[in-house]
Amino acid sequence: MDSALITLILGVGPAFAAYYLTAIGHGLFEKSGVLNLAIDGVFTVGVAVAYVAALFAGTAFVGSVASLIIAALFGALIAYLTTKLPISHGAIGLSLMFVGYGLAALIAVPIRSQINAVVSYPLNIGADVGFIVFSVILGILVHYMLSRTKLGAAIRAAGENPHAASALGVNVLKVRIIAGVLGYALIGLGASFYFLAYTPAPYSEGMGMGQGWIAFAISLSAGRHPLLTILSAAVFAELLYNKFVLQGYLGLSVHITKMIPYLAALVAMVIFMITPLRRKLAPPRALGKIYFKEERTV
Amino acid sequence: MRLIVTKRVKPLRFGGIVIPFLSIVIGIFLATLALYGLAQVPPSLVYGAIGQSLVSPQMLQTFIMLTILGVALIIPFSAAVWNIGAEGQIIWGMISSAFIGLSVAVRYIMVSPTELPKYTNMPGMFVLPTPTVSGAYAVEALTMSPGAAISLMLIVSAIAGAIWALVAGLMRAYLDIDEVATTLIMNYIAYYAYNFIVYGPLQGITISTSGFGLSNALHPELRFARISTATTATWEGVALMIGIFVAAWFVLRHTTFGLRLRILGSNPNALKAAGINVRKYIVAALAISGAIAGIVGTILFAGNLYQLIKIKTITTPPTHNIGYTAILVSWLSMLDLRGIPIAAYIVASLFQAGINLQSSLGSVSSGSAMISSGALTYVLIGFVLTTFTVLRVFSEYSIKVVRERG
Amino acid sequence: MVKNLVKRFPGVLALDNVSFNLRKGEIHALLGENGAGKTTFVRILYGIYVPDSGEIYIEGKRVVFTSPLDAIRHGISLVSQIPQLIGSLTVSENIILGLEKYGMMANVRKVEDYIRRESEEIGIKIDPSTEVWKLSYTQKQLVELLRAVILGAKVLMLDEAITFLPIREKRRFFKFMRKFASQGGSVILITHKIPEALEIADRISVLRRGKYVGTVEAKAASLDTVRKMMFGERSTQITYERLPSSKPDEKVVLEVKDLWVMGDYGAFSVKGVNLRVRAGEVLGIAGVAGNGQLELVQAIMGLRKVRKGRVLVSADGNVIDVTNKGTGRVRSLGVGYIPDEPLKFGVSVENDIEENLAMLPLIARGVIKWGRLRKRAQELIDKFKVVTPSSRTPVKLLSGGNIMKVLVGRELSVAKRLLVAYNPTRALDEVTAVTVRKIIKDRVLRDRLAVLLVSEDLDEIFQVSDTVAVMNSGRIVGVFPIDKADRDQVEKLMVM
């Protein structure tokens, strides 16, 4: 095989890892029934945290860990608020999105203006492959957990019908917090890869904004299924990473090319809802519904 | 320790005023904490910036646009249809009104440099400031009266915004696809389409615009009239704001359409049993919302920018993300039309505060001075909105903390 | 054993000093009319409700339940008419969620084998790896039973759980229940079908209007004795004065032909129903709740899909097929609708009376003329004596009875040809209920309105109807003109 072609395909590794992990983290959390609109905000914070932490520790690894932890805290908060209180998921999600955008700038910009160094993961073909393998393994673990373990069944139950789940013996609050922590940890990890491996250019304000939504679209296009998301993440990552090549082949304007991932996401969503895929890959029935335990009267 | 949450029979008295007010106070406090703790921004600067913005004429334009957008969003929000795509709808409004203003309402006359003086002061002619690639100068000549042109711009932008929103509406009504995701994704598509058009069909023809991602400048007679030199607000903008507000008031309070939209938000089942086609209402709510947002695009283009400027980074569109801040306005107003102007005033002030704060940071530490006004606004708005979302629960539910008896 | 349970709900005394005891190894049937308090009773025993006073003892020890998990831990299980399972999960996944001995990371597959073995022991042949949504209603109920057994139930409470099952399946459940009892378990079976109770139970207890009536040995009881306990002396007398009968016109306003409608849980709720309602006639459908009446009414109104059959409405000499054409179409023909669950499907509680009127296309279109609307609202308030501060008060602040009045008033004013009513006088006091019935009957007599009345209150049916039909298990099992309708016989048909 042409070595240029290999580089083309595998070079997408870090991008793939970033989007894929964020997407499955998002999917995991939403499977527990919480509408996750804060994803872009927390992703942006994750990028900022990864940058700063890596800089001060000197290794990219610390950046990833820090980002993971901060994101997980957000996840726990969102899970707690939406389950304990009858709060609109959409409202809290968008609010935290704004907060995230702002906090990211507060965290990273002052430092950026004073320090010029950049710490990143190694960037070579070996690393590229490493990222792909690592994230796919994580994806497989998530899939196993969701489909084969009691915890996974509990998470899905909370997402389909938290009232019935509670009657069946599930502690809905506990389960949603776990989903929030694990899901957002993955999002934080993905965000850190985005900065530390995919675009380790000097940090600029607002870095990462909009990428969370791409991951959101990736997850939706694959019906929130951890393994199917490999496919959609790969396609999106290739489109984004190799857009110049695509442009050349198809003769499209660069702007149209940038649109393609989003158009693809819309098309994918429509395809689900009109095909029998709907049953298997449908959104969790209780997604976004306020969970309020009223005294049930006759 | 357990929380017992029970639904109130009557909403909290004065909750409609106390809760937004409290959220603002607490939210600003939290924001100040974050600003100080993370970026060493002195709280005094924050309060100063906010105080200043409450009375600054510069925020008037933002206030006008937020009021209109607040109305635009209240219509679908009352029906529990969440239009997060105002950004995209505004963008298409800008594009379509630019299309009218720059290529339908005017024609271009190519003039050699020697003939230029003849046209420089001719009424109705607008000479583009820099020459074209060929060396000739381009002169914009009106093809219709300014009144007709502006009316056309408004109509076209409303239609464009409505169509853009309609897509998401149809997907929700007939395919049950969540409109939050679709309207959001369509924002990004709109951004890229905008850039495509700015570099393509509406590309400027002079050496300073061609290839630079700028369109031609709008003919002065098509521009909205500024109220005064101290502000970017325009008379047309004010007129539109009042007109749209009154129209919305009428529709929501005095037509069956408005009434049923509101019932759709609280009890869609009763509506279905009454024989109403709920799907049509969902689509209509989004279309109307998009139309109004589209009009805001014209206000931006013909009132402020006068030309289309490329989007450099996805985080700094020409709308300054007003489509998102408008969501906060609708939310803060507790979906009551009367609350919109007040909420718009507050949010516009916070927006302006971000700008003021940014400029005052220059005199303090050099690190935080690099933070954009947008980010500062996000901090302020974000904390207020989060606090509001949590406190709002209290207006409809009473929460008691109970010690678990061992 | 249960002593003196009292439970109050807003406006209703559901259980009035009810005492009950259950022996080990017995099958005890609990019977009663609608609203007798049977469901409330078992829900207290399962920890869903907390009683206002009274005590529960298990094997001599006092117990207090604050949640279903407590009840399960003490070996009490409840299976309701509606399966409480999560459709997209498999059978084993649904069951494992309640098994506390397995940790979070337990592999479901391993538990599946255990479940498979247990289910075979009981005689249930369902593959535990199947997703629940694929199962039929019968199978879902079997899974519920399986779950109860695996969770270690010693007391099994079945709340109308087998009412909808075909006879053959019921016999399987009976077999299982006998085996369960012989192994020391106890069963409380709630049903309204007396023959069933006589066949399977050891003892029968009856509740009536929240009070405990008595317990008899099944062997010593007969259909009539039990029926008298359930319905009281009223079963031989009619306590309310009958409203004047109307002589129906020849013209048929509503015709339902061979209607088949699917219920929510995968089984047909309406199985080939044929009905005719003529102008100037009240057709009253009697029956115990849950026999398909709700689905029938919803299908007629266009709120539920009709799988087979036709719904036809006559208007101005034309017969219009409204099957599956949507609620708007049906309503536009001048049809009023008083739904079951008025708070969910009838009125919008966040809005006021005027707005609830304007909601209907039949009352207001386009621009709302508030002046006219206010007058109309005021007329309604006066006519029905609605207690409300004003016509602009949100409906949720009104008492249940007054909300009902608003709904009935509104629908009566828009019903030109046909009124479809489900429990129209629910939550109304006796005086108002009779007034409402009188007003309805008046419209029938004078304006030749056709009325399809479904009611769980047999008194109401007999007071208002010109023709009485009985619905049982999705079918019409008897139609009688009022002068030929025998109360005993109707009751028999209801509980067969």
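Read along the sequence, chain A follows the pattern α-α-α-α-α-α-α-α-α-α-α-α-α-α. The chain accordingly has 14 helices and 0 strands, where helices (H or I, at least four residues) and strands (E, at least two) are DSSP runs, numbered from the N terminus. The model is a predicted one: local features need pLDDT of at least 70, side-chain atom pairs count only at pLDDT 80 or more, and totals for chains, interfaces and linings use all residues. Residues are numbered from 1 along each chain as its sequence is written, while chains are lettered from A and ligands numbered from 1 in the order in which they are written.

The overall form of chain A may be considered next. Its C-alpha atoms fill a box of roughly 70 × 45 × 35 Å, taken along the principal axes. A compact globule of 298 residues would have a radius of gyration near 19 Å, and chain A agrees with this at 19 Å; the radius is taken over C-alpha atoms, and the globule rule is 2.2 Å times the number of residues to the power 0.38. Of the 298 residues of chain A, 60% count as buried. A residue is buried if 20 or more other C-beta atoms lie within 10 Å of its own, exposed if 12 or fewer, and partly exposed in between, with C-beta atoms placed from the backbone. Among contacts in chain A between residues at least 6 apart in sequence, 81% join residues at least 24 apart; two residues are in contact if their C-beta atoms, placed from the backbone, lie within 7 Å.

Within the chain, α7(A) and helix α9 (residues 172-198) of chain A pack at an angle of about 105°, with their axes 9 Å apart. Axes are lines fitted to C-alpha atoms, for helices over the stretch in contact, and angles run from 0 to 180 degrees between N-to-C directions. Therefore α7(A) is roughly perpendicular to α9(A), a term that covers 65 to 115 degrees. On the α7(A) side, L151(A), A154(A), I155(A) and A158(A) meet V172(A), V175(A), R176(A), I178(A) and A179(A) of α9(A).

Conventions. Parallel < 35°, antiparallel > 145°, perpendicular 65-115°, else oblique.
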